[in-house]
Amino acid sequence: MGASMKEPDIAKPAGERELPRRAAALKLVRAWLRRHGSTLLLLAPLVLYMALVFAAPMGFQIAFAFWRRELYKEILWKPTPDFQFGNFIEIFQDPKLRFSLAWTVGVALLTTSVGIILALPVAYYLARGKVWGRSVIELSFLLPIFGEFFTIYALAYALTPQGPLNWLLMGLHIISKPIAFVGSPLTVVVWMSLPTLSVLLIRSAFAGVDVVYEEAAQTMGASAFQTFLKVSVPLARNGIAGAFLLGVSGAVGAYTLPLLMIGAYNDWLAVKITREIEPYFNYPKASALGVILTLICVLLLYLYLGTQEKGGSS
């Protein structure tokens, strides 16, 4: 009878029940750190850098976009915390800012499309032809990106009324007086249309196309142009689409070229953001414009990464 009797369950205190759970959780954490600790240690500087340089400023920009500004002591405008959508409503109600947004996106689409069309034959020639000095040619396409200030100042000098271009045109008696290229939005649009990085991206896409398909098309009677247009380009479409989206993303954020070639008073959205800060000190409105511009670029980059994933899976 004594053996059949069960001892009554005694409820343990809550603290004693939590101890095994905490020990199990700590054991899992230690096991995870032993497995991934070295990777985490290697990534820590990069994560810290990204947090300080990108995440924190982006967080402040998003926060300021919903603030408002008020006049402090009738002298200084200062941003005041107040969650509201007034800045975004004001932007889309302002016809000048609506035009600036449409102009920036429209010019980015136009110049990138022209650049892609110009880049296709050059990229195909670099991918298929035996080019002398290939590395120097490819490096020249990166110069306008990494040496932006130098190329823009060289361009500004070349296009001045006393510059080499006007001197050449007048020497050939094509024009009778110098043309004022600097200060015209058309000059910026033409310069942005020149292919740079897109040539290298599309060249890589063409290099990934198997030559067998092109040779099969030509043996069936297709000309070189037909093979390029109906075989090579469709097979490299993911790389071409990626180059287009990446080019539009960069062109949407154009700032240096319009600022130096036209001046502070132009219609590009990135320049309008700086004008809201100086001289108006309208940080909330400038942040709202920055959020809109950032969302456009993020969407384009997301679409670009999607094209690269499709290209990799195929």
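Colleague: Which is Lys-285, buried or exposed, and what relative accessible area decides that?

Modeller: Lys-285 has a relative accessible area of 6%. Buried means under 20%, exposed over 50% and partly exposed in between (1.4 Å probe, protein chains only), so Lys-285, at 6%, is called buried. Please keep in mind that this is a predicted model, numbered from 1 along each chain as its sequence is written, where local features need pLDDT of at least 70 and side-chain atom pairs pLDDT 80 or more, while totals for chains, interfaces and linings use all residues. Side-chain values use heavy atoms, without hydrogens and water.

Colleague: What is the mean pLDDT of the protein chain, and where is confidence lowest and highest?

Modeller: The mean is 84, and 91% of the residues reach 70 or more, with pLDDT being the predictor's confidence in each residue, from 0 to 100. Strand S2 (residues 76–80) has the lowest confidence, at a mean of 76, and helix H3 (residues 95–128) the highest, at 93. The names follow DSSP runs numbered from the N terminus (helices H or I, at least four residues; strands E, at least two).

Colleague: Back to Lys-285: what makes its contact with Glu-90 a salt bridge?

Modeller: The closest N and O atoms of Glu-90 and Lys-285 are 3.3 Å apart. A salt bridge needs a side-chain nitrogen of Lys or Arg within 4 Å of a carboxyl oxygen of Asp or Glu, so this pair qualifies.

Colleague: How many salt bridges does the rule give?

Modeller: The count comes to four. One of them joins the side chains of Arg-68 and Asp-82, at 3.0 Å from N to O. Arg-68 belongs to strand S1 (residues 68–72) and Asp-82 to the loop between S2 and helix H2 (86–93), so the bridge ties together parts that are 14 residues apart in sequence. Both count as partly exposed: Arg-68 at 34% and Asp-82 at 32%.

Colleague: What is the distance between Glu-214 and Arg-128, and why do they tie together separate parts?

Modeller: Their closest N and O atoms are 3.1 Å apart, in a salt bridge. Glu-214 is in helix H9 (residues 211–219) and Arg-128 in helix H3, so parts that are 86 residues apart in sequence are tied together. Glu-214 is buried because its value is 5%, while Arg-128, at 26%, counts as partly exposed.

Colleague: How do you know which residues form the nonpolar patch on the surface?

Modeller: Patch members have over 30% relative accessible area and no salt bridge; like charges are joined within 9 Å, nonpolar side chains (Val, Leu, Ile, Met, Phe, Trp, Tyr) within 5 Å. Leu-43, Leu-46, Val-47, Leu-48, Tyr-49, Met-50, Leu-52, Val-53 and Phe-54 form this patch, with about 880 Å² of accessible area together. Take Met-50, in helix H1 (residues 14–65): at 38% it is partly exposed, so Met-50 passes the 30% limit.

Methods: Accessible areas come from the Shrake-Rupley method with a 1.4 Å probe; for residues, only the protein chains shown count as cover.
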